[in-house]
Amino acid sequence: MTLEFKLSDEEVELLPTDEDVAFYNEHGWYLSKKLLTDDETDELVNASERYYAGERDRSLPEAPPRLAYWDPSKGDVQRHNDYVHYEHDGLAKILRKPLIGAVAARLAQTDEIRIFQSTLIYKPPISGEPSNLVPWHFDKHYWSSSSSDRMLTAFIPFHDCPPEMGTITMVDGSHRWAEIGSDDTVVRHFAERDRSQLDQMLAENAAYNNVEVTRLPITIPRGHVNFHHCRTYHGSGANVTDRPRRAISLHLQDGANRYREYPLTDGTLAAYNHDVLVRRTSAGHPDYADPDYCPTLWADR
Ligand SMILES: O=C(O)CCC(=O)C(=O)O
Ligand SMILES: [Fe+2]
């Protein structure tokens, strides 16, 4: 183990236990212990405000085709900004805390975790704002060009995140469902999709698996992180409080994840935004281990 990927004795206490890993395997999600200090969550708020005010340490060389990139001209809608771990060192410094990667590695039962994507999210405190509603989806649908089924997401609010703020909501155990032969429009992001279609997709898949849908809004205390498996259905509701809901979705890949050719029914190959940014492998494919865009968060070698 390199020095960089070392945990303190106190941090080791914060790792998931064997029971926690079994819970994750059964339910498809896990609410962590307190992984971030109050100073770190304060700094996430401050750094995100500087980001929203235009502060960048570097910029993407080009805008990939499906980049989520709120700017003030978009107004008071839900904000999504991808690649903040690349563009903003203040946010990246906290996201790259080894403890987060170590928890993910335990859950995914792998010895290496890399960042796949990070999205800064802000739900304005407007109870009727339709863009605040996140329809049911699972993240692997956007990642068809990734080979791994162990990918997972760390949802990191910057404050206590109760149901009335529209916290993330898990469809319990849905990562174990078999999927109905889905049309490959699912690879399109939920922001581009019709909400009722996605609600229907959840209902049809539940019926196909002969299960009731159990929706669990996760009350996340400040500094705690909710992890979900890449095939766990999730969504979220309105923010009916008078405070913004601030968070980062930190999407993670295990060490073995690679680009794969995944043909869609129209004959084209599934793609991800990285494909126009990252370096190539010797086989000429996008390299999902490019340290500039997909840095290693944890390695236990
Ligand atoms: O912002 C939310 O409530 C959902 C975010 C999400 O879809 C994710 O973390 O994968
Ligand atoms: Fe998601």
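Let's start at one spot: valine 171 sits across from arginine 215 of β7. That contact belongs to strand β6 (residues 168-171), which pairs with β7 in the antiparallel sense over three bridges. Before going on, bear in mind that this is a predicted model, in which local features need pLDDT of at least 70, side-chain atom pairs count only at pLDDT 80 or more, and totals for chains, interfaces and linings use all residues. Residues are numbered from 1 along each chain as its sequence is written, while chains are lettered from A and ligands numbered from 1 in the order in which they are written. Helices (H or I, at least four residues) and strands (E, at least two) are DSSP runs, numbered from the N terminus, and two strands pair if DSSP finds at least two bridges between them.

Now zoom out from that pair. Four strands make up an open sheet, ordered β4-β9-β6-β7, with antiparallel pairing. At the edges are β4 and β7 (215-217), each of which pairs on one side only. From one strand to the next, the twist averages 25°. Helix α7 (residues 195-208) lies across β4 and β6, and runs at about 35° to β4. For such angles, axes are lines fitted to C-alpha atoms, for helices over the stretch in contact, and the angles run from 0 to 180 degrees between N-to-C directions.

Next, look at β5 (152-157). Six of the six residues of β5 are buried, so this strand is largely enclosed by the rest of the structure. Here a residue is buried if 20 or more other C-beta atoms lie within 10 Å of its own, exposed if 12 or fewer, and partly exposed in between, with C-beta atoms placed from the backbone. In a regular strand the side chains alternate between the two faces of the sheet. In β5, Leu152, Ala154 and Ile156 point one way, and Thr153, Phe155 and Pro157 point the other way.

What does β5 pair with? Four bridges join β5 to strand β8 (residues 224-229), and the two run antiparallel; leucine 152 is opposite histidine 229 of β8. Six bridges join β5 to strand β10 (residues 245-254), again antiparallel, and there alanine 154 stands opposite leucine 250.

Follow the chain of pairings to β8. Six of the six residues of β8 are buried too, so β8 is largely enclosed by the rest of the structure. His224, Asn226 and His228 point one way from β8, with Val225, Phe227 and His229 pointing the other way. Strand β1 (residues 29-34) is joined to β8 by four bridges, running antiparallel, and tryptophan 29 has histidine 228 as its bridge partner.

Leaving aside neighbours within four places in sequence, phenylalanine 227 is in contact with residues including Trp29, Tyr30, Val103, Ala104, Leu107, Leu152 and Ala154; contact means that the C-beta atoms, placed from the backbone, lie within 7 Å. The largest nonpolar core has 62 residues, and those with the most contacts inside it are Ala104, Ala154, Phe227 and Leu252. A nonpolar core is a set of buried Ala, Val, Leu, Ile, Met, Phe, Trp, Tyr and Cys residues joined through C-beta atoms within 7 Å. Helix α6 (residues 98-108) gives the most to this core, eight residues. That helix is mostly covered, with ten of its eleven residues buried. After α6 comes glutamine 109, whose phi is positive, near 50°.

And the ligand? Ligand 1 is surrounded by Ile121, Val134, Asp139, Thr153, Phe155, Ile168, His234, Ser236 and Ser249. A residue joins this shell if its C-beta atom, placed from the backbone, lies within 6 Å of the ligand. The elements giving two or more residues to it are β5 and β9 (234-236). By class, the shell has four nonpolar, four polar and one charged residues, where Ala, Val, Leu, Ile, Met, Phe, Trp, Tyr, Cys and Pro count as nonpolar, Asp, Glu, Lys and Arg as charged, and the others, Gly among them, as polar.

Serine 148 is in the loop between β4 (134-137) and β5, and with 20 C-beta neighbours inside 10 Å it counts as buried. Proline 291 is in the loop between β10 and β11 (296-299), and is exposed, with 12 other C-beta atoms within 10 Å.

Definitions and conventions
Two residues are in contact if their C-beta atoms, placed from the backbone, lie within 7 Å.
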